[in-house]
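Let's take a walk through this fold together, stopping at a few spots worth a look. Have the viewer open and follow along.

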Amino acid sequence: MSFPSIFSSVALIAGLTAGNAQAAAPASQADSRAAFQTQAWGASGRIANTHYAVEQVRFLSQGTEIVGNLLLPSGHVGPRPAVAVMGPVGFVKEQSPMQYATRLAREGFVVLVFDPRYHGESAGTPRRLESGAAKTQDLQAALEYLAQRAEVDSAALHLLGICQGVNWAVDAAITEPRVRSVALVAGHYLTPQTALMYLGSEQEIERRAARSQAALKQFQESGAVDYIPVVSERTTPPNPDALLKASAVQQFYSRWADRHAFWNFHGLWENRIAMMSEAGIWGHRADQAMAKLSTPTLMVHADRAASGPDIPRRLFASIPAASKELVWLGQENQMQFYEDPITLDRVTPELTRFYHSQTVRTR
């Protein structure tokens with residue numbers, strides 16, 4: 001089996017992010033974000049508390065509007081170091097990114113969490129397209145936005161990738177010289193070995209690759225978009241088409257699709273991604289990217305986090321950065337890295353220490 005040939009449509013999906021995806025999408029794919037509000041933002045678009053203020057912000061990525069939350073720490077004078085955050089597959093900013101953002105803001109960082117293009121409150125069609133190329137561009141646009149804010153020290157810009165977001169944080173760190181350091185937390189590192197771990201067999205990898213390529217061809221020819229669920233709508237029997245099949249993952253994500261007004265603060269997560277996205281997911285080569293990573297890097301992982309215990313260690317060893325650290329917590333599982341306060345409060349000091357050390361070193 002040859003991963004480059006099977007996932008030949010990865011480059012085609014990347015091409016969609018240059019703008020033709022939005023032009024090709026039919027009216028049925030138009031989003032309905034206008035009437036939705038995650039918080040009672042008021043006329044100022046700002047909510048303040050003792051530790052930080054949150055602003056609802058908008059900026060452009062490749063000409064498409066991105067909606068984010070900018071957290072500004074209270075009680076700090078002068079420009080602050082800043083962090084742009086990229087979350088798990090199909091995420092919205094209100095999930096794990098916000099958990100890290102509030103903690104980092106308390107530590108004095110300006111933090112930007114945002115919905116990538118095609119997701120949540122941000123614009124872009126087709127909706128729920130997963131594109132690593134687009135997410136990398138979105139991180140670059142986020143850094144540009146941060147650098148223009150008066151509250152930010154533009155010489156102290158950092159990245160945080162969580163779960164599958166580590167892949168796009170690595171790509172952005174490689175291509176964006178302003179990144180002072182990158183932190184990779186509980187990474188779902190996309191390699192051929194990871195695809196085999198999650199999908200179970202080379203035959204299933206090939207089936208999904210062929211299906212993704214057919215969906216992409218259909219979109220290019222007609223603008224029609226086919227979708228698969230992120231997690232199964234049911235646990236017994238599970239949906240064989242779901243992107244992620246683990247029952248614990250299903251239990252975590254299923255509640256985020258609730259649209260009752262009381263849950264607006266959960267954001268606009270949807271239990272679907274465009275079927276054509278799978279080529280760019282399972283065909284990505286994080287191993288090749290990380291072999292080029294010279295940016296100072298912190299990797300935080302645990303035995304039961306995504307990718308298991310072996311793949312992250314091998315990838316860490318391959319990073320050529322002169323400054324790199326591996327922090328291994330132990331038996332924590334992936335869900336704990338998303339919302340367990342004890343785990344999050346163990347990770348945050350490591351992030352704070354590493355970001356500050358690289359800010360000092362690079363001046």
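Predicted model: local features only at pLDDT ≥ 70, side-chain atom pairs only at ≥ 80, totals over all residues.

Start with two helices. Two packed helices are described by the angle between their axes and the distance between the axes. Here, the axes of α5 (residues 132–148) and α6 (residues 165–175) come within 9 Å and cross at roughly 55 degrees. That angle makes α5 oblique to α6, and the crossing of the two is right-handed. Zoom in on the contact: α5 brings G132, K135, T136, L139 and Q140, and these meet W168, A169, D171, A172 and T175 of α6. Sorted by class, the contact of α5 with α6 has four nonpolar, four polar and two charged residues.

Now for the rings. The structure holds nine aromatic pairs. Take Y198 and W282, whose ring centres are 6.0 Å apart with the planes at 35 degrees, so this pair is tilted. The two partners come from distant parts of the chain: Y198 belongs to helix α7 (residues 192–199) and W282 to helix α10 (residues 278–282), 84 residues apart. Their surroundings are worth checking too. Y198 has 34% relative accessibility, so it counts as partly exposed, whereas W282, at 2%, counts as buried.

Another tilted pair is F252 with Y338, at 5.3 Å centre to centre and 50 degrees between the planes. This pair also links distant parts of the chain, with F252 in helix α9 (residues 247–254) and Y338 in helix α13 (residues 334–339), 86 residues apart. Both F252 and Y338 are buried.

Finally, the backbone. Most residues other than glycine have a negative phi, and most peptide bonds are trans. Where does a cis peptide bond turn up? It joins T125 and P126, with omega about 5 degrees. P126 sits in the loop between β5 (110–114) and α5, the helix that crosses α6.

R128 is also found in the loop between β5 and α5. Its phi is near 65 degrees, a positive value in a residue other than glycine. Is R128 buried or exposed? At 0% relative accessibility, R128 counts as buried.

S307 has a positive phi too, near 80 degrees, and is not a glycine. Look for S307 in the loop between β10 (297–301) and α12 (310–318). With 2% relative accessibility, S307 counts as buried.

How values were computed:
Residues numbered from 1 in each chain as written. Heavy atoms only, no water. Axes fitted to C-alpha atoms, helices over the stretch in contact; angles between N-to-C directions. Helix = DSSP H or I, 4+ residues; strand = E, 2+ residues; numbered from the N terminus. Parallel < 35°, antiparallel > 145°, perpendicular 65-115°, else oblique. Left-handed = near helix turned anticlockwise from the far one by under 90°. Contact = heavy atoms within 4.5 Å. Nonpolar A, V, L, I, M, F, W, Y, C, P; charged D, E, K, R; others polar. Phe/Tyr/Trp six-rings, centres within 6.5 Å; stacked < 30°, edge-to-face > 60°. Buried < 20%, exposed > 50% of the residue type's maximum accessible area, 1.4 Å probe, protein only.
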